[in-house]
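Colleague: Could you walk me through this model, with the cut-offs spelled out as we go?

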Amino acid sequence: MSREEAKEKVEEEVKKETSKEADDKADKKEGSNKKLILEILSCVICIAAIIVAMIFVLKSKEKNNSLTHMYEKAATLYDPGNIDCWYDVAKDKYYSDKDKKNEIDKSSVYTYMFDRDLSGIVQSGVKHYYVGGGLVDKSFNGFAMDENNDWYYFQAGICDEFTEDVVKGTVYGEEAWWCVKGGKVAFIDTVAENVNGWWRIESGKVNFNFEGVADNENGSWYCRGGKVDYNFTGQYKYNKKIYDIEGGKVVGVADDPEFAGKIEYYSDNSNDKSIVTAENEAALIEGFQYFEGKTGVRPYLYIRESLPSDSMDVYLEELSNELFGANDGIVIVYIKFEDMFWIYTRSESSIGLKDKTKINEAIRANWEESDKAVRFGSALKAAADQLVSADEGNTDEGNTEEGTEGGSEE
């Protein structure tokens, strides 16, 4: 064998050996991969089995825990209560027992402080609440009117019957600052307090244009811009009076000598003082002087913006004493805000009940007259003629009863 042939034979043997080793390695690798795949597949199956088992466990627990015991709870102003029962969360059903044998209608489960059909103001004892759906509406803040036309002030749906304040809000469609007493709007003339000071109240609301002297239960006060001016000290002329004022409070008052000796027939105390003016007062005075000349009794028209805080009977008696003293007289009070009038005489007056009725009818007959100075002046003149005519042929002795006669446009 030559050297070349020997070399070729050796190379062939080496190739065969290398090929066999490669095949052995490939076989081993393939076996290893198959084993790895089987192991992975086995793990996946185990994990899936665990997940399925957990789902079954959770479902089982959910089923067992879906029943909740609702202990009896009393209703409050803002939250409903409930009876003692069991609630199935999964089925959204209520039962009287844990075994779910007796189902209860949802409407009988929850309890409320108020009738669920009520909406608006509800009174319970001395308290007033603003309710809806059986509960107090905690979002409601402001004024609301009840069936008696009283306007109550609510905070978080509750009216505090002890509230004394001046509060901004809407009443009868008008936004203003309103006087609250006893938890509701007081439609009076007074001086009332809030955190910003003391304010002139007219017809229940602040009159920011007011300058003058106003009264409350604590005295008389000088107001400017609707507010008591505690910085003012001095004398101030107002409504035919001279007031001595110290730190905003009236400490003395006297008649203004400018008006001394003059016979007065009216006083216009309305907000704008535009009912009787220099332009139309002659018509009023002429009619009132005519009435006094015919009957011997002086009539007096007293104009107010709103009702007094006292009862009208008490107010009229005090006003009559202030105007006439011991003399005979007839007071006619006209309330601008109410558009109504009242007539008052004393029991000893020569103007009796039937006479006041005739005066009342005469005023009503002139009610269409828009100029109120002309309205009352003409009415008193016509009434005087009727009274004198009636006296000439009158034999009725029952014409001296005391009291008031009120009226308005029918």
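**Charge, sheets and contacts**

Modeller: Let me start at the surface, where Asp-310, Asp-313, Glu-317 and Glu-318 gather in a patch of negative charge. A patch is made of residues with over 30% relative accessible area and no salt bridge, with like charges joined within 9 Å and nonpolar side chains (Val, Leu, Ile, Met, Phe, Trp, Tyr) within 5 Å. Lys and Arg count as positive and Asp and Glu as negative, while His and the chain ends are not counted, and the place of a charge is taken as NZ of Lys, CZ of Arg, CG of Asp or CD of Glu. Accessible areas come from the Shrake-Rupley method with a 1.4 Å probe, and for residues only the protein chains shown count as cover.

Colleague: And what should I keep in mind about the model itself?

Modeller: This is a predicted model, in which local features need pLDDT of at least 70 and side-chain atom pairs count only at pLDDT 80 or more, whereas totals for chains, interfaces and linings use all residues. Residues are numbered from 1 along each chain as its sequence is written, and side-chain values use heavy atoms, with hydrogens and water left out.

Colleague: How many salt bridges does the structure hold?

Modeller: The structure holds 11 salt bridges, each being a side-chain nitrogen of Lys or Arg within 4 Å of a carboxyl oxygen of Asp or Glu. One of them joins the side chains of Glu-174 and Lys-205 at 2.5 Å, N to O. Glu-174 lies in strand S14 (residues 174-181) and Lys-205 in strand S18 (residues 205-206), so this pair ties together parts that are 31 residues apart in sequence. Glu-174 is partly exposed at 33% relative accessibility, and Lys-205 is partly exposed at 22%.

Colleague: Which parts does the salt bridge between Glu-286 and Lys-381 tie together?

Modeller: The side chains of Glu-286 and Lys-381 meet at 3.9 Å, N to O. Glu-286 lies in helix H2 (residues 281-295) and Lys-381 in helix H5 (residues 372-392), so the pair ties together parts that are 95 residues apart in sequence.

Colleague: What about Asp-229, is it buried or exposed?

Modeller: Asp-229 is buried, with a relative accessible area of 10%, and its side chain meets that of Arg-224 in a salt bridge of 2.7 Å, N to O. Arg-224 itself counts as partly exposed, at 48% relative accessibility.

Colleague: Switching to sheets, in what order do the strands of the open sheet come?

Modeller: The order is S1-S3-S4-S5, with 4 strands and antiparallel pairing; two strands pair if DSSP finds at least two bridges between them. Strand S1 (67-70) and strand S5 (103-104) stand at the edges with a single partner strand each, so one side of each is left without a neighbour in the sheet.

Colleague: How many bridges join S3 to S4?

Modeller: S3 (residues 85-88) and S4 (residues 93-95) are joined by 3 bridges, and Tyr-87 stands opposite Tyr-94 in S4. Their hairpin has 4 residues between the strands, and Asp-92 takes a positive phi near 55 degrees there. On the other flank, S1 and S3 pair over 4 bridges, with Trp-86 in S3 as the bridge partner of His-69.

Colleague: Which way do the S3 side chains point?

Modeller: Cys-85 and Tyr-87 point one way from S3, Trp-86 and Asp-88 point the other way, and all are buried.

How values were computed:
Helices (H or I, at least four residues) and strands (E, at least two) are DSSP runs, numbered from the N terminus. Buried means under 20% relative accessible area, exposed over 50%, partly exposed in between (1.4 Å probe, protein chains only).
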